[in-house]
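Hi everyone, thanks for coming.

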Amino acid sequence: MERSKLNELIINDEGFAFDPVTGDTYNINPAGLLIMNAIKAGARPDQILDSVVAHYNVDRQTADRDVEVFLNELQRNKLIELAVES
């Protein structure tokens, strides 16, 4: 995953994110905040999934689906680029 755009965001603990380059703002729920902080810290996708499973006490399949949806949303907003696996 490319993290550069995500690293430019200013994010507070309540989940408000501001892009100082574009002026765009985002409201992020606690699960999204956990995922974004993990990405910014350089976590691998499996580590992100493990964190969500442990923190929210959900099954891996549910967490995997939810993480995928959130990552797709980040990509749609051009905050990350998802690597295409070959």
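**A walk through the model**

Let's begin with isoleucine 39, which is buried, with a relative accessible area of 1%. By buried I mean under 20% relative accessible area, while exposed is over 50% and partly exposed is in between, using a 1.4 Å probe and protein chains only.

Before I go on, a word on where this comes from: it's a predicted model, where local features need pLDDT of at least 70, side-chain atom pairs count only at pLDDT 80 or more, and totals for chains, interfaces and linings use all residues. Residues are numbered from 1 along each chain as its sequence is written, and side-chain values use heavy atoms, with hydrogens and water left out.

Back to isoleucine 39, which sits in helix H2. Isoleucine 80 is 41 residues away from isoleucine 39 in sequence, yet in space the C-alpha to C-alpha distance is 9.3 Å. When I say helix or strand, I mean DSSP runs numbered from the N terminus, with at least four residues for helices (H or I) and at least two for strands (E).

Now, how does H2 sit against H3? Helix H2 covers residues 30-40 and helix H3 residues 45-56, and they pack at an angle of about 145 degrees with their axes 10 Å apart. The axes are lines fitted to C-alpha atoms, for helices over the stretch in contact, and the angles run from 0 to 180 degrees between N-to-C directions.

Which residues do the meeting? On the H2 side we have Pro30, Ala31, Leu34, Ile35, Ala38 and Ile39, and on the H3 side Ile48, Ser51, Val52, His55 and Tyr56. Contact here means heavy atoms within 4.5 Å. Sorted by type, the residues of this H2 and H3 contact are nine nonpolar, two polar and no charged. For the sorting, Ala, Val, Leu, Ile, Met, Phe, Trp, Tyr, Cys and Pro count as nonpolar, Asp, Glu, Lys and Arg as charged, and the others, Gly among them, as polar.

Staying in helix H3, that's also where you find glutamine 47. Glutamine 47 is partly exposed, at 31% relative accessible area.

Next, the loop between H3 and H4, which holds asparagine 57. Asparagine 57 has a phi near 50 degrees, a positive value in a residue other than glycine. Is asparagine 57 buried or exposed? With 71% relative accessibility, asparagine 57 counts as exposed.

Last stop: threonine 25, in strand E3, residues 25-27. Threonine 25 counts as partly exposed, because its relative accessibility is 45%. What does threonine 25 touch, leaving aside its neighbours within four places in sequence? The contacts of threonine 25 are then Phe16, Ala17 and Phe18. As for arginine 60, it is 35 residues from threonine 25 along the chain, and their C-alpha atoms are separated by 30 Å.

So that's the tour. If you keep one picture, keep H2 and H3 packed with their axes 10 Å apart, and isoleucine 39 buried in the model at 1%.
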